[in-house]
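Good morning, and thank you for coming. Please take a moment with the sequence and the structure before I go through the helix packing and a few individual residues.

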Amino acid sequence: RAALAAARLGAQTADAAADAAARRGGLATAPKLAGWCARAQRSFSASARPSAALLAASPSLKDAHSTDVVEDIYRCSFQRQTGVSLKYMMNFGKNPTTENLVVSAQFLQNELPVRLAHRVTELENLPMGLSDKAPIIKVRDWYVESFRELRAMAPVRTAADEAAFSQDIERILQRHANVVPMVALGVAELKEELMAGSSRIPAATKFSSDSWSNLPEIHMFLDGFYMSRIGLRMLIGQHVALHKAHVTSASAPSNFTRGEDDWVGLICTKVNPVAVAEEAIEDARAVCLRHYGCAPEVQVFADSDLRLPYVPGHLHQCLFELIKNSLRAVTDRYMDADEDPPPVRLVVADGDEDVTFKVSDEGGGIARSDIGRIWTYLYTTADTAALAMLAEDAEAGQSGAVVQRSPVLAGYGYGLPLSRLYARYFGGDLQVISMEGYGTDAYLHVHRLGEAPEPLP
């Protein structure tokens, strides 16, 4: 993939990338990498290239940015990403001294450009013309802008350097706030073209609506891209949170107690799963009430004394999505029934390796032939104007505003796939087992040991 990406830049960039890889002790010597690039250039068939008109409307990376920036991006994309674990983040951040924060900033100053470069080259080389969609190009340029800013920053050596660096990466965090709806809009445009049999899509790839889940390359890209985004936001958010905590404690009186001893940056060392679940239930039922005018009850079976180290925001995201889906399924099934809808049940089990959340409903279940599709992006069973919402969110992203949309009961078709990525980020998982005609059980596994490294794409 990297060789193909370099090939598309032309021989000059490929040679520069090959020389850089050799100088940095990369995965291949310069002659071997140059050979890969040359073969990839020859194999890039004319049928796979977008039309001249499309290229004119959709500037490539080398047309939109300077040669120096493009070459630097590809040099960084040849470097290996470095993953960290939840346990390492906790141990490192327990005592956020000035020296620790400087070390953390130095790590991020080296690591973030590498991760951004990997995503830029991937966004530039997506299949089926997805790279040429305007929303995808916008996201690519956001990543390039952040890459350029990071590479232009002075090396972090002092506390003052670290403070300035923290402010800069917090701005980057805000810039990327609308990446999900922007990418979703680009993918939705591609899906519409495929469904409509657009002349810009090769005839061999035209298909019916049932075939969307049979495009593994698209869904693999989205899984990897969104997993990388979770990692970027976690690393930046963790450092910024540690920096702010250090500034607060350093400027406080000697007898001041911060009252946040259970927090290490974004990580809570003593998360109460029942409390997070109850908050997710409250939010999901509020959405259901707003949409339907009613909401089934949710029963919780758990030990209220259970605690584990985790990121509460990640856990809330997953539980909210599962409970929301169950509430909708039950409400839809019993909308015209005489009897009251059965409650949704949430069971929390404390194991040696995992804390597992089981969300059970009697909402009629999912057909066995449809189970695989629930993990594909833009697959949704709800009658909503998802594309209209995507367009609105994308417009907000174009203007730089952060999307503040209230959660809808169903829409993008992104909830389950994204929730599974959040679960897997720290070594957990999300599984769904359904009994058509009765209901569905969803199992959220949270890895309590925290030793699994990031699953970097």
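Helices α9 and α10 are roughly antiparallel to each other, an angle over 145 degrees being the criterion for that word. In this predicted model, local features need pLDDT of at least 70 and side-chain atom pairs count only at pLDDT 80 or more, while totals for chains, interfaces and linings use all residues. Residues are numbered from 1 along each chain as its sequence is written, and side-chain values use heavy atoms, with hydrogens and water left out.

To return to the pair, α9 spans residues 134-152 and α10 spans residues 159-175. Their axes come within 10 Å and cross at roughly 175°. Such axes are lines fitted to C-alpha atoms, for helices over the stretch in contact, and the angles run from 0 to 180 degrees between N-to-C directions. Helices themselves are DSSP runs of H or I with at least four residues, strands are runs of E with at least two, and both are numbered from the N terminus.

Which residues in α9 and α10 meet? Trp142, Glu145, Ser146, Glu149 and Leu150 in α9 are in contact, that is, have heavy atoms within 4.5 Å, with Phe165, Ile169, Ile172 and Arg175 in α10. By class, this contact of α9 with α10 comprises five nonpolar, one polar and three charged residues. Here Ala, Val, Leu, Ile, Met, Phe, Trp, Tyr, Cys and Pro count as nonpolar, Asp, Glu, Lys and Arg as charged, and the others, Gly among them, as polar.

The second pair is α6, residues 67-77, and α8, residues 98-123. Their axes come within 8 Å and cross at roughly 105°. The two helices are therefore roughly perpendicular, a term that covers 65 to 115 degrees. Ile73, Tyr74, Cys76 and Ser77 of α6 meet Pro113, Val114, Ala117, His118, Val120 and Thr121 of α8. Seven nonpolar and three polar residues take part in the contact of α6 with α8, and no charged ones.

Next, a single side chain. Arg229 lies in helix α12, residues 216-250. Is Arg229 buried or exposed? Arg229 is buried, since its relative accessible area is 11%; buried means under 20%, exposed over 50%, and partly exposed in between, with a 1.4 Å probe and protein chains only. A polar atom of the Arg229 side chain lies 3.2 Å from the backbone oxygen of His176. Not counting residues up to four places away in sequence, Arg229 touches Tyr143, His176, Ala177, Val179 and Val180.

Ala302, by comparison, sits in the loop between β3 (298-301) and β4 (308-310). With 35% relative accessibility, Ala302 counts as partly exposed. Leaving aside neighbours within four places in sequence, Ala302 is in contact with Val274 and Val348. Ala302 and Ala349 are 47 residues apart in sequence, yet their C-alpha atoms are 7.0 Å apart in space.

Helix α16, residues 415-425, is mostly covered, with 10 of its 11 residues buried. Among them are Leu416, Arg420 and Tyr425. Just after α16, Gly427 takes a positive phi of about 95°.

Finally, the protein as a whole. There are 16 helices and eight strands, and buried residues make up 51% of the 457 residues. Among contacts between residues at least 6 apart in sequence, 79% join residues at least 24 apart.

Definitions and conventions:
A polar contact is a pair of N or O atoms within 3.5 Å; within protein, one must be able to donate a hydrogen and the other to accept it, and residues adjacent in sequence count only if both atoms are side-chain atoms. Angles under 35 degrees count as roughly parallel, over 145 as roughly antiparallel, 65 to 115 as roughly perpendicular and the rest as oblique.
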